[in-house]
Amino acid sequence: MSDLAKYRNIGIFAHVDAGKTTTTERILALTGKIHKIGEVHDGASTTDFMEQEAERGITIQSAATTCFWPGSDQQWAGDKAYRFNIIDTPGHVDFTVEVYRSLKVLDGGVGVFCGSGGVEPQSETNWRYANESEVARIIYVNKLDRLGADFYRVVDQVKNILGAKPLVMVLPIGTESEFTGVVDLLTRKAWIWDATGQPENYTIEDVPADMADKVEEYREQLIETALEQDDELMEAYLETMEEPALEDIKRCIRKGTIALDFFPTFCGSSFKNKGVQNVLDAVVDYLPSPTEVDPQPEVDPEGNETGNFAEVTTEGPLRALAFKIMDDKFGALTFTRIYSGVLNKGDTVLNSFTGKTERVGRIVEMHANDRTELDRAQAGDIVALVGLKNTQTGHTLCDQKSPATLEPMVFPDPVISIAVAPKDKANAEKLGIAIGKMVAEDPSFYVETDEESGETILKGMGELHLDIKVDILKRTYGVEVTVGAPQVAYRESITKAVSDSYTHKKQSGGSGQFGKIDYTIEPGEPGTGFVFESKVVGGNVPKEYWPAVDKGFKMSMVKGVLAGYPMEDIKVTLTDGGYHAVDSSAIAFEIAAKAAYRQSIPKAGPQILEPIMKLDVFTPEDNVGDVIGDLNRRRGMIQSQDTTPTGIRIKAQAPLSEMFGYIGDLRTMTSGRGQFSMEFDHYSACPKNVSDKVIAEAAERDAK
């Protein structure tokens, strides 16, 4: 039985291009998992194994791998080594769902920040996700060998932009091309790497004389912050001014890290193999084992917590969460985090979401796209299961004799869609199979068929997201498709309240149908969707019919009256009505509600809403005027401009409909040096000219 105290389930996450995958490569090399380091810019990294990842130099899907760390001084070698289950996550905003679902099953994380880029927009999103998931983290400021790198500036950004408390553990020796190593503040020792670029070629020396004062200043801050975790040690320290033992200080840092009070902060250059060992030692010293995090809550079928928890122990009943489905040449793999109990090859388990049993054909330990067969897995493990037929992302696998459901995952709705059509009949058959597999793999990727035109509509989180999906269709599944222009996921809402009444009466011999409702329809709070309330008193509409009225209105919300887009943020209040002792039924009131919706929404000032995106644009200083002028033409609202060592960062908001093809225009304006990221922020009312165009296009579609 493996010792859970020696497990570390960690994720590596950051903004695109901060060096996550390069850092993962260095970790795998240092732990002996790989012997030849693959570089991202060569398209040869281990965890970026998809063709599209290798070509574009970005991570698209999270990759899992397992390795063992014996410590930088080899003190935990052999059986004493710590087991790291590592997930390398994507940085690009279109694939944040991969980060979200990875954080859901991890106990700790390493947030990587670029030494010159600092806290970038996707860093903020990932940090927010990690806060919501209450994942303990250490911070690693990478790329300190780059032009414009400044460790202290990034530490300030972590405080000011993320609102987090970095606990500086090391200081850099030298900057940019002169960066040679780090000073460990706890031991007052300098780690200096030589010019060979080999990670093991370092010496441990005394602190450089010109850094002595700075080291003492930061060390004092470190110890005082750490000792706040233990009142007795703090009192003793203040009385005697003698430092506690190193082990006591580390224990306090570990306690504060797990409690999210602060985040131990390290620095280095992964590409130049400097500083990574310190991060690995910190993962062991400060990030929690599976038994040190709060156990996963169990929920009832409605998603409410039951008060029970999946305690992390091999003695309890099986509790496991499927967090990712991946299809490869060997069949469907279901990535699973086991929270409680033991799972053996050949076991039959219950999927509590479907109520059906599944047989576990094989259990494999993943190393990117390679695998090692296992006979069993236990609480704390992250493994892939082969042979599951009906398990989807977010489903719970549990013991048949002791069923339970773990808290599920919630994924964002897509904001952009494209129409695809197979080039011929042979491709049409392959398209259906391929899309079925792709939807199972990615919960933020939706597919539907337009009943009128027969087109297949792909919906996703951004242009790059859908571009990759079409690429996968062609390369992985050999499906040739023609692609239509991108479509925006508009919504509809109302602007004023309407009080109205509707009576549904139908008599055709025998028992009839009768339902009368008096109601108010009004704009709801932004983000509330659909809210139903009944204020009927005196039994004019019996209580058992209220859910039918709710259902009738709710079902109608999927199609607005202007252009057929789903309705957002509407509140319906049932105020009065009437019923017939014989002819009234739930179905009569449901039909009344549907007809009432069609009758009253046109009177309530309906309007088209469009998705507004949050933009973060980087441009060289010389091109700022052009970039801002272009954003203004795209109906953008500039919110801030920040000067960085290498250019200007512009934060803005703009409608998605105006942003198609933006990356090409930005690169043209900035001679290829501009970058941007974009994520959904909120829905907002369209200007009249845009609204009229959307309604006309919808009418044209319907006419076809």
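Modeller: Let's start with a definition: buried means under 20% relative accessible area, exposed over 50%, and partly exposed in between, with a 1.4 Å probe and protein chains only. Keep in mind that this is a predicted model, where local features need pLDDT of at least 70, side-chain atom pairs count only at pLDDT 80 or more, and totals for chains, interfaces and linings use all residues. Residues are numbered from 1 along each chain as its sequence is written, and side-chain values use heavy atoms, with hydrogens and water left out.

Biologist: Is Cys398 buried or exposed?

Modeller: Its relative accessibility is 0%. Buried means under 20%, so Cys398 counts as buried.

Biologist: And Cys252, buried or exposed?

Modeller: Cys252 has 1% relative accessibility. That value is under the 20% cut-off, so Cys252 is buried.

Biologist: How many disulfides does a search of the whole structure find?

Modeller: A disulfide is a covalent bond between the sulfur atoms of two cysteines. Here the test is a pair of cysteine sulfur atoms within 2.5 Å. Searching the whole structure, the number of disulfides found is zero.

Biologist: What does the secondary structure of the chain come to?

Modeller: Helices (H or I, at least four residues) and strands (E, at least two) are DSSP runs, numbered from the N terminus. On that count, the chain has 16 helices and 38 strands.

Biologist: On to the helices: how are α12 and α13 oriented to each other?

Modeller: Axes are lines fitted to C-alpha atoms, for helices over the stretch in contact, and angles run from 0 to 180 degrees between N-to-C directions. The axes of α12 and α13 (residues 586-600) come within 7 Å and cross at roughly 40°. Angles under 35 degrees count as roughly parallel, over 145 as roughly antiparallel, 65 to 115 as roughly perpendicular and the rest as oblique. The pair α12 and α13 is therefore oblique.

Biologist: How many nonpolar, polar and charged residues does the contact of α12 with α13 have?

Modeller: On the α12 side the residues include Val549, Phe553 and Met555, and they meet a set in α13 that includes Phe589, Ala593 and Tyr597. Ala, Val, Leu, Ile, Met, Phe, Trp, Tyr, Cys and Pro count as nonpolar, Asp, Glu, Lys and Arg as charged, and the others, Gly among them, as polar. By class, the contact of α12 with α13 comes to nine nonpolar, two polar and three charged.

Biologist: How is α8 oriented relative to α9?

Modeller: Helix α8 (residues 246-258) and helix α9 (residues 276-286) pack with their axes 9 Å apart, at an angle of about 80°. That makes α8 and α9 roughly perpendicular.

Biologist: Which residues in α9 do Lys250, Ile253, Arg254, Thr257 and Ile258 in α8 meet?

Modeller: The residues of this contact of α8 with α9 divide into four nonpolar, one polar and three charged. The partners on the α9 side are Val284, Asp285 and Tyr286.

Biologist: What about α10 and α11, how are they oriented to each other?

Modeller: The axes of α10 (residues 425-441) and α11 (residues 463-475) come within 11 Å and cross at roughly 130°. That leaves α10 and α11 oblique.

Biologist: Is Asp569 buried or exposed?

Modeller: Asp569 also has a positive phi, near 55°. It sits in the loop between α12 (546-556) and β34 (570-578). With a relative accessible area of 11%, Asp569 is buried.

Biologist: Last one: how far apart are the C-alpha atoms of Asn9 and Gly108?

Modeller: Asn9 is in strand β1 (residues 7-14) and is buried, with a relative accessible area of 1%. Beyond its neighbours within four places in sequence, Asn9 has contacts that include Asn85, Gly108 and Arg337. Asn9 and Gly108 are 99 residues apart along the chain, and their C-alpha atoms are separated by 6.3 Å.

Definitions and conventions
Contact = heavy atoms within 4.5 Å.
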